[in-house]
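Open the model in your viewer and keep the selection tool at hand. The stops below say what to select next and what is there.

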Amino acid sequence: MDMKNVVTIKGVLIVTLALAAISCKNSGSKNSSKATGWEINSKDGGFQYNTQYKEQETAPGLVFIEGGTFTKGKVQDDVMHDWNNTPTQQHVQSFYMDETEVTNMMYLEYLDYIKRVFPPQEENFRAIYNGALPDTLVWRNRLGYNEVMTDNYLRHPAYAEYPVVGVSWIQAVEYAKWRTDRVNERNLADAGYVDRKAIISDVTAESNFTTETYINAPSQTYAGNEEIKQTGRKGNVRTDAEGNETNIYATRETGIITPSYRLPTETEWEYAALGLSELREYNVYRGRKKYPWDGQYTRSGKRRTLGDQMANFKQGKGDYGGIAGWSDDNADITAEVKSYPPNDFGLYDMAGNVAEWVADVYRPIVDDDFNDFNYYRGNVYTKNAINEDGTVKIVTTDDIVYDTLSNGKVVARNLPGDILQVPITEEETYLRTNFDASDNRDFRDGDKRSSRYFGQTFDDGTQSETDKMYHSPKHTVTTDSAGNVIREYDKSNSKTSLISDEVRVYKGGSWRDREYWLDPAQRRYFPQDMATDYIGFRCAMSRVGSKTKTKAKTKH
């Protein structure tokens, strides 16, 4: 063979192999862009992205709930004739839920943080701490002696692992927000983005950390306190031409910042309570499961635990636990969490112990015709307030807004370090087909045509005052110039309902309830700013990414 041909063939082969290597590099490497071929996460700058991310890790206290379809609503006999939980077919996305109800110890950690960062002895902060305190007077009864619970239930270590009660829906939402911030702050500290020691010792009201502020205005986090920020974080730090560090903040792209803790929706709670993960029988899929456990009875049918009660509930008139030493559920009021077996999702006390707040605004009819995917009523969309210079507006101690609730209790609507939220406007909704208003709590449920009494004259000669379906009393609480609280009860005879946009669903039976209420399909409502001795709560978190979870990554 001619030597020139040999050289040519070798040259072509070398070029071909080089091009193939480049092609493989561009198409197969996680650190090169499939769109442009440029290197990702290079030390010279450019696009930075976490290409090593696997999947969402289970956050503290939560267990994974794989989503799916189920029959939501009452499938057993509706002996109460409420007709407020007609069976519907619903689909739920995968999510996470607290393994147990939020306990007294968990809530006391929240109170401790509020007390340290917002000292109640300071006039500006007193209402913040007082507004977070559970109402311990919920234990009192006119004809019963319950002072031992009033004095001890929240704080005594004997009740540390018992579910917290006396917490309103509003307080539960604020707890979930605080929990989100503390978990993300710890994640950032573990990754080296902030100084762990400074977080614990140097944080004040002005430098209170919030997740949304860190994402949207990271340089303003901790009120811009540079001493709290870690200067030598793990990983590559991008530098400018002079070698100064830039972009030392974590973003959503890093995968370090976890989604928010929140209250579960009613649909999520009911799906999780049923625990359908290990059951595939046709009748179960079609909604024939009565309790979080298997079977049609409240006692165990297994040989080792035969006859044991499966939940903490009221067994009869004057019978909150059974006969001492026999046939007893080992609790008269609430019980320590994990006292009873979990359901197939690994969740404890999804029936009995305490009922639980969920996120939804209550309506007697679930409008399944409008949405059968992640159903939820209660969306109120807001946006970040923007300063004149285009930056987000961070709440300071002078900007705290307090709300006086219908029962006279004062709570803080926002805290220093938060980004001020304002309702969305027509600019955000113009020509949108999926939503057109900020407040959607009464969407398709309060228009004039659906109002039973709109435009009618009542027996006392008064005209209907509302164009909404649910015309509930409006009690007011005001303060005069001397600081005296004035409570005015709505005594109008024209009110037609107790249901409003301020009443929320609570689910599950409690230690005060009979067996009937242990069915996860049961739904009741209570004002969002009031509390009881039988309603607690647990948190949930949305799942991002794939529907299923890799077994090897599961953490508890």
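Helices (H or I, at least four residues) and strands (E, at least two) are DSSP runs, numbered from the N terminus. This is a predicted model, in which local features need pLDDT of at least 70, side-chain atom pairs count only at pLDDT 80 or more, and totals for chains, interfaces and linings use all residues. Residues are numbered from 1 along each chain as its sequence is written, and side-chain values use heavy atoms, with hydrogens and water left out.

**Stop 1: a helix residue**

Select Thr-150, which lies in helix α4 (residues 147–152). Is Thr-150 buried or exposed? Its relative accessibility is 8%, so Thr-150 counts as buried; buried means under 20% relative accessible area, exposed over 50%, and partly exposed in between (1.4 Å probe, protein chains only). Now show what surrounds Thr-150. Leaving aside residues up to four places away in sequence, Thr-150 touches Thr-136, Leu-137, Trp-139 and Arg-140, where contact means heavy atoms within 4.5 Å.

**Stop 2: two crossing helices**

Select helix α2 (residues 104–117) together with helix α5 (residues 169–190); their axes come within 11 Å and cross at roughly 75°. Axes here are lines fitted to C-alpha atoms, for helices over the stretch in contact, and angles run from 0 to 180 degrees between N-to-C directions. The two helices, α2 and α5, are therefore roughly perpendicular to each other. Angles of 65 to 115 degrees count as roughly perpendicular, under 35 as roughly parallel, over 145 as roughly antiparallel, and the rest as oblique. On the α2 side, the contact is made by Met-106, Tyr-107, Glu-109, Tyr-110 and Tyr-113. On the α5 side, Gln-171, Glu-174, Tyr-175, Trp-178, Arg-179 and Arg-182 take part.

**Stop 3: a sheet and the helix on it**

Next, select the open sheet of 4 strands in the order β1-β4-β18-β7, with antiparallel pairing. Two strands pair if DSSP finds at least two bridges between them. β1 (62–65) and β7 (261–262) stand at the edges with a single partner strand each, so one side of each has no neighbour in the sheet. β1 and strand β4 (residues 95–98) run antiparallel and are joined by 4 bridges; in β4, Phe-95 is the bridge partner of Ile-65. Helix α8 packs on this sheet and touches β1, β4 and β7, its direction making about 75° with that of β4.

Stay with α8 (residues 266–274): 9 of its 9 residues are buried. Among them are Glu-266, Trp-269 and Leu-274. Gly-275 follows α8 and has a positive phi, near 60°.

**Stop 4: a second sheet**

Another open sheet has 4 strands in the order β16-β15-β8-β17, and its pairing is mixed. β8 and β17 run parallel, joined by 2 bridges. Select Glu-356 and you will find Gly-536 in β17 opposite.

**Stop 5**

Go to the loop between α9 (282–285) and β8 (355–361) and select Asn-312. At 0% relative accessibility, Asn-312 is buried.

Gly-322 is partly exposed, with a relative accessible area of 28%. Gln-309 is 13 residues from Gly-322 in sequence, and their C-alpha atoms are 9.8 Å apart in space.
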